[in-house]
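Subject: Structure handover

Hello,

Here is the structure for your work. Notes on what was found in it follow below.

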Amino acid sequence: MDGGEVQHDGSSPQKKVKSNPNALNSLRDHTVVVADTGKINDIQKFLPEDATTNPSLILEAAKLPEYQALIDDAIQKGIKAYQLSKQPVQKQPKRTNSRKKKDEPEIKEIVEPELPQFNFNTLNPEEQKIVIGSITDQLSVNFGLEILKLVPGYVSTEVDARLSYDKQATIDKAKRIITLYEQAGISKNRILVKIASTWEGIQAAKALKKEGILCNMTLIFNYYQALACAQAGVRLISPFVGRILDWFSKNKSGEDYTKQNHPGVKLVTSIWNSFKKFKYDTIVMAASLRLVDEATELCGCDRMTIPIKLLNDLQALEGTVLEPKLKVQNLDNLNIEKVNVDEKTYRWEMNQDAMGTEKLNEGIRKFAQDLETLENLIKQKLSQNNQ
């Protein structure tokens, strides 16, 4: 990579020339800033290093008229992929030059069969489900392809949350996503496949790593959950700072949860300290950030995926200079026990953590619901097209 691109080893980003000092630009001196959006216009405005998407963000963007071309393209490609799966491509020799020299190898072209006219409404429910799945996979990749035109680093594309407790199905879906990117000319080393951090999801990511597929383990709410990811060698984890605060504010109200007392900030800090002390290569990317104090208290974290509203809030703090709160120089003074997290430990520690268990399951349900809403929009569009 050249000097203008993001470093992917979790180290501090190279400094950039900034037009004016503000909290966002100062944060970029110590932390890689990632945009948490599916809207291309927002990415063009802030030019982050990486970007993350999820079914909720894609659903929001898909409702806007400026992204209908991406939907139409996904529908066309998804239908074609389904039809070809029913009628496999036949390789037929086709001479392209009748004057071929004696020792010259004959050039063969792949000739696709002529596909029949497609009518969604004539398919049975299972066939319709396969078509819609093919289209939603393509749509997620279409958004990722547009984002990759603007960011020099990674884009995260999420696996169907309904597969969160199925290791093999998660692996198969991740490979499908990577195949679609590669068919579009994008190397798999620019893609993070986003997987919910269940035990099954973590083991899927471990297997995918052996095939060179990088993963972003999402919905991290527990220290041992994060350690299990690091010990599986995953590329990146996303602890959800704001959602942790939501749970504590609802279930243990009346406490001071500002700044260093913020439970999400405390969890990310403990994870970051442990990863650095024991030299895990896994990148820590704070997610679900909503408040300026959350970002400033985690300054120095490897990465932050930040929603557009908070990016605007940070940019508005002109003249603000941030100092890193997370520093490797502090590690020598910390007494951290190294713990090996196997399946029994993972499941017990999650069982003991009401917040972690509830928020993980709630997050999976929400992503699944938004994906189903997106699928229904596509189904409606397909049905109307064939009327």
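In this predicted model, all five of the five residues of strand S1 (residues 32–36) are buried (under 20% relative accessible area, with exposed over 50% and partly exposed in between; 1.4 Å probe, protein chains only), so S1 is largely enclosed by the rest of the structure. Helices (H or I, at least four residues) and strands (E, at least two) are DSSP runs, numbered from the N terminus. Val-32, Val-34 and Asp-36 point one way from S1, Val-33 and Ala-35 the other.

Strands pair if DSSP finds at least two bridges between them. S1 runs parallel to S10 (residues 303–306), with four bridges, and Val-33 has Met-304 as its partner there. Three bridges join S1 to S2 (residues 50–52), also parallel, where Asp-36 stands opposite Thr-52.

Salt bridges (a side-chain nitrogen of Lys or Arg within 4 Å of a carboxyl oxygen of Asp or Glu) number 20. One of them joins Lys-194 and Glu-158 at 3.8 Å, N to O. This pair links distant parts of the chain, 36 residues apart: Lys-194 is in strand S6 (residues 191–196) and Glu-158 in strand S5 (residues 155–158). Lys-194 is buried at 5%, and Glu-158 at 11%.

On conventions: residues are numbered from 1 along each chain as its sequence is written, and side-chain values use heavy atoms, leaving out hydrogens and water. Local features need pLDDT of at least 70 and side-chain atom pairs count only at pLDDT 80 or more, while totals for chains, interfaces and linings use all residues.

Regards
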